[in-house]
Amino acid sequence: MIPITVVDVRDSEPLVVEVLRSGSLAQGPMVARFEAGFAALTGTAHAVAVNSGTSALVAALQALDLRPGDEVITSPFTFVATVNAILEAGATVRFADVTREDFALDPDAAAAAIGPRTRVLMPVHLYGQTADLGKLAPLAEERGLHLIEDAAQAVGASFQGRRAGSFGLGCFSLYATKNVTTGEGGVITTDDAELAQKLRLLRNQGMRVSYEYEIPGHNYRMSELHAAVGIPQLAKLDQLLAARRHNAARLSAGLAGTPGLTVPAELPGRIHAWHHYTALVGPNAMLSRDELAAELADRGIATATYYPRLVFDHDRFRGHPRVPAVTPADFPVAAALTDQALSLPVHPALTESDVDTIIAEVREALGA
Ligand SMILES: *Cc1c(COP(=O)(O)O)cnc(C)c1O
């Protein structure tokens, strides 16, 4: 079976052992080193490491002092953490449709969704390509809104030469299968020194100095062990991204012209981090998306469906006082993607012959 993802952190062993031998397990030099490396990567003045991507989103929202009734506009085509974070921070969710080109928040739809209580635009840089920050960042600016980038999947992506996470408060995930991993972890990036300070307080029970509680906070801290796992990956990120890029280019060249299949595009001015390689199956393909996934599984190729339903389309959110009463038909582009999106393996551990196999099997399954 060609797996959908391979986690390789063998390079981290010396640093992890160093932490174990030091006995210094919490908020020490490894976390500081990881933060410095991450800030350099995103080109931001500050990076605040936390214990998950979800915590990063929650802390970013909390740092903005939202009040009950304040709204956050985001994509309905995302992982549930995006919505859980908004609800955890006490805010109200509002959705706007995505585009079929980048699978991320449509700037026109986002503009139309802005109401008197809207405080935050939260685009999700899905699959490793940024949303249209050339329109969304100015929109936030003009309308006096904060911009929070759910860049959980977009470590290494950029838009017109600027890295994801440098346009607003950048929230990254370091979960096991993300482009850079610490096992579990997250980071918030910003150029704003005051917000960075506040995020550090929120992360550590509101304390700058022990037992002086400046604001109500939480424990969002990243451990030294986790930071040690991540550091070597920052050093070789360019190489890992180049491998993803190479695999994506080969897949797109090989799959071009397959009947009923639309390969993902890297849009002009954007650098795709290829966290996922997500093609669209249909509407006029020989097989449905789910049939193709089953067929490829039989042929030894793992695939994944991100995401089979829109994020609000689950019983637990129906009737929630801070989730709008909407239906998939309100978001026709995103709704179509839930039926058509299929992610193929693109990870750096693929061999050239794995990529050839994926191309050949997909083409054959779809009658090319
Ligand atoms: C992974 C992910 C998150 C959450 O990150 P965790 O580290 O798992 O908490 C948030 N948003 C998106 C879009 C994600 O893919």
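This is a predicted model: local features need pLDDT of at least 70, side-chain atom pairs count only at pLDDT 80 or more; totals for chains, interfaces and linings use all residues.
**View 1. Histidine 272 in its loop.** Histidine 272 sits in the loop between strand E11 (270-271) and strand E12 (277-281). Histidine 272 counts as buried because its relative accessible area is 6%, and buried means under 20%. A polar atom of the histidine 272 side chain is 2.8 Å from the backbone nitrogen of tryptophan 274. Apart from residues up to four places away in sequence, histidine 272 touches Tyr127, Gly128, Gln129, Arg245, Ala265 and Glu266.

**View 2. Arginine 270 and its polar partner.** Arginine 270 belongs to strand E11. With a relative accessibility of 10%, arginine 270 is counted as buried. The side chains of arginine 270 and aspartate 102 make a polar contact at 2.7 Å. Neighbours within four places in sequence aside, the residues in contact with arginine 270 are Asp102, Gln129, Thr130, Ala131, Asp132, Ser158 and Phe159.

**View 3. The shell around the ligand.**

**View 4. Polar atoms facing the ligand.** Threonine 54 has a polar side-chain atom 2.5 Å from an oxygen atom of the ligand. In the side chain of serine 173, an N or O atom is 2.7 Å from an oxygen atom of the ligand. For aspartate 150, a polar side-chain atom lies 2.9 Å from a nitrogen atom of the ligand. On its own the ligand has 380 Å² of accessible area, and the protein covers 92% of this.

View 5. How many of the ten residues of H3 are buried? Eight are, and H3 is thus mostly covered. The buried residues of H3 are Gly53, Ser55, Ala56, Leu57, Val58, Ala59, Ala60 and Leu61. At the start of H3, the backbone nitrogen of threonine 54 has a side-chain oxygen of serine 52 within 3.3 Å.

**View 6. Helix H4 and what it packs against.** Ala81, Thr82, Val83, Ala85, Ile86 and Leu87 are the buried residues of H4. These buried residues pack against H3, strand E2 (71-74), strand E3 (92-95), strand E4 (118-122) and strand E5 (146-150). Just after H4 comes glycine 90, which takes a positive phi of about 85°.

**View 7. The nonpolar cores.** The largest nonpolar core contains 47 residues, and those with the most contacts inside it are Leu61, Val72, Phe77, Phe95, Ile148, Leu169 and Leu199. Two or more residues of this core come from each of strand E1 (46-50), H3, H4, E3, E4, strand E8 (169-173), helix H7 (193-203) and helix H11 (332-340). H3 gives the most to this core, with six residues. A second, separate core has 29 residues, including Met30, Val31, Ala49 and Leu234.

**View 8. Phenylalanine 77 within the largest core.** Phenylalanine 77 is one of the residues with the most contacts inside the largest nonpolar core. Not counting residues up to four places away in sequence, phenylalanine 77 touches Val98, Phe103, Leu126, Tyr127, Tyr306, Tyr307, Leu310, Ala334, Leu337, Thr338 and Ala341.

**View 9. Glutamine 233 in helix H8.** Glutamine 233 is part of helix H8 (residues 224-235). Is glutamine 233 buried or exposed? At 4% relative accessibility, glutamine 233 counts as buried. The glutamine 233 side chain reaches the backbone oxygen of valine 229 at 3.1 Å. With neighbours within four places in sequence left aside, glutamine 233 is in contact with Val9, Asn179, Val180, Thr181 and Leu240. Among them, asparagine 179 is 54 residues from glutamine 233 along the chain, and the C-alpha atoms of these two residues are separated by 9.0 Å.

Technical notes. Residues are numbered from 1 along each chain as its sequence is written. Side-chain values use heavy atoms; hydrogens and water are left out. A polar contact is a pair of N or O atoms within 3.5 Å; within protein, one must be able to donate a hydrogen and the other to accept it, and residues adjacent in sequence count only if both atoms are side-chain atoms. Accessible areas come from the Shrake-Rupley method with a 1.4 Å probe; for residues, only the protein chains shown count as cover. Buried means under 20% relative accessible area, exposed over 50%, partly exposed in between (1.4 Å probe, protein chains only). Helices (H or I, at least four residues) and strands (E, at least two) are DSSP runs, numbered from the N terminus. Contact means heavy atoms within 4.5 Å. A nonpolar core is a set of buried Ala, Val, Leu, Ile, Met, Phe, Trp, Tyr and Cys residues joined through side-chain atoms within 4.5 Å.
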